[in-house]
Amino acid sequence: MDWLTTSWGGALQIAVSAVGVLAAVIALIRLNGLRSLSKMSSFDFAVTVAVGSIVASTLLSDSVSLLDGVIGVAALLFSQRLIARARADAGASALVDNTPVVLMVGKRMLDETLQRVRVTHDDVRSKLREANVIELSEVHVVVLESTGDISVLHGPDGKTLDAQLLDGVEGGDDALQELAARAT
C-alpha cells in the first residue's frame with residue numbers, strides 16, 4: 001500500500017526538488033537561448049524529451065539528487081549547443097538530421113513514399129484539414145519534415161511554388177517538375 005501514499009518528508013523533498021529543478025531549467029534555457037526547446041531537428045526533439053525525463057527523475061527518484069538533475073540538464077543543453085554549431089559550421093547535419101520528404105504532389109499522394117515513412121492517407125488528410133485546405137487543387141506539396149511534422153504548402157490555383165522551399169527535400173525536384181508540367 002506504500003505506492004498509494006507518501007510521507008511528509010517525501011512530499012517536501014518532491015516540492016523542493018520541483019522548485020529547484022524548475023528554476024535551474026529556466027535559467028539554463030535562458031542562458032542557452034530560444035532553441036533549447038525547439039523541434040528544429042530530431043536531435044532538438046530528443047533533447048527536449050531527455051530534459052523532461054531528467055526533470056521527472058530528479059523529482060521522483062531518491063537516487064537522483066537535485067544537483068545531479070541540474071548537471072544532466074546542463075550537459076544536454078550544452079551538447080545541443082555544440083551539435084547546433086556543428087550542424088551550421090561543419091556540415092554535421094547529415095549525421096544528425098533526417099531528410100525531409102515529399103508525401104503528396106498536387107492531388108496525388110505518393111503511396112510508395114507514404115508506406116516507406118509509415119504515414120497514412122488519413123494522417124495526410126488530417127494535416128490538410130489542419131492547414132485549412134478546402135480543395136485539393138490548392139495543394140502544391142505536402143512534406144514530412146525532419147522533425148516528424150507534416151507541412152502543407154498550398155495556395156490558389158495559378159500561384160507557383162518557390163523552388164527554394166524544396167531545397168534539400170527528398171522528391172522535391174520531381175515534385176517541382178510535376179507541378180510545372182501541370183501548369184502548362
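This passage describes the fold of one protein chain in a predicted model.

Residues are numbered from 1 along each chain as its sequence is written. Because the model is predicted, local features need pLDDT of at least 70 and side-chain atom pairs count only at pLDDT 80 or more, whereas totals for chains, interfaces and linings use all residues; side-chain values use heavy atoms, with hydrogens and water left out.

The chain contains seven helices and four strands. Helices (H or I, at least four residues) and strands (E, at least two) are DSSP runs, numbered from the N terminus. Along the sequence these elements follow the pattern α-α-α-α-β-β-α-α-β-β-α. The radius of gyration, taken over C-alpha atoms, is 22 Å. A compact globule of 184 residues would have a value near 16 Å, by a rule of 2.2 Å times the number of residues to the power 0.38. The C-alpha trace spans about 75 × 45 × 25 Å along its principal axes. Of the 184 residues, 31% are buried (under 20% relative accessible area, with exposed over 50% and partly exposed in between; 1.4 Å probe, protein chains only).

The four strands form an open sheet in the order β2-β1-β3-β4, with antiparallel pairing. Two strands pair if DSSP finds at least two bridges between them. Strands of a sheet pair through backbone hydrogen bonds, either parallel or antiparallel. The edge strands, β2 (108-109) and β4 (150-154), each pair on one side only. Between β3 (residues 139-144) and β4 there are five bridges in the antiparallel sense, and valine 143 stands opposite serine 151 in β4. Helix α7 (residues 172-183) lies across β1 (101-105), β2 and β3 and runs at about 20 degrees to β1.

The loop between β3 and β4 holds serine 146. This serine 146 is buried, with a relative accessible area of 16%. Serine 146 touches Met40, Ser42, Asn98 and Pro100, not counting residues up to four places away in sequence; contact means heavy atoms within 4.5 Å.

Helices α2 (residues 42-60) and α3 (residues 66-89) pack at an angle of about 175 degrees, with their axes 9 Å apart. Axes are lines fitted to C-alpha atoms, for helices over the stretch in contact, and angles run from 0 to 180 degrees between N-to-C directions. The two helices α2 and α3 are therefore roughly antiparallel to each other, a term used for angles over 145 degrees. Residues that meet across this pair include Phe43, Val47 and Ile54 in α2 and Leu66, Val73 and Ile83 in α3.

Conventions
Parallel < 35°, antiparallel > 145°, perpendicular 65-115°, else oblique.
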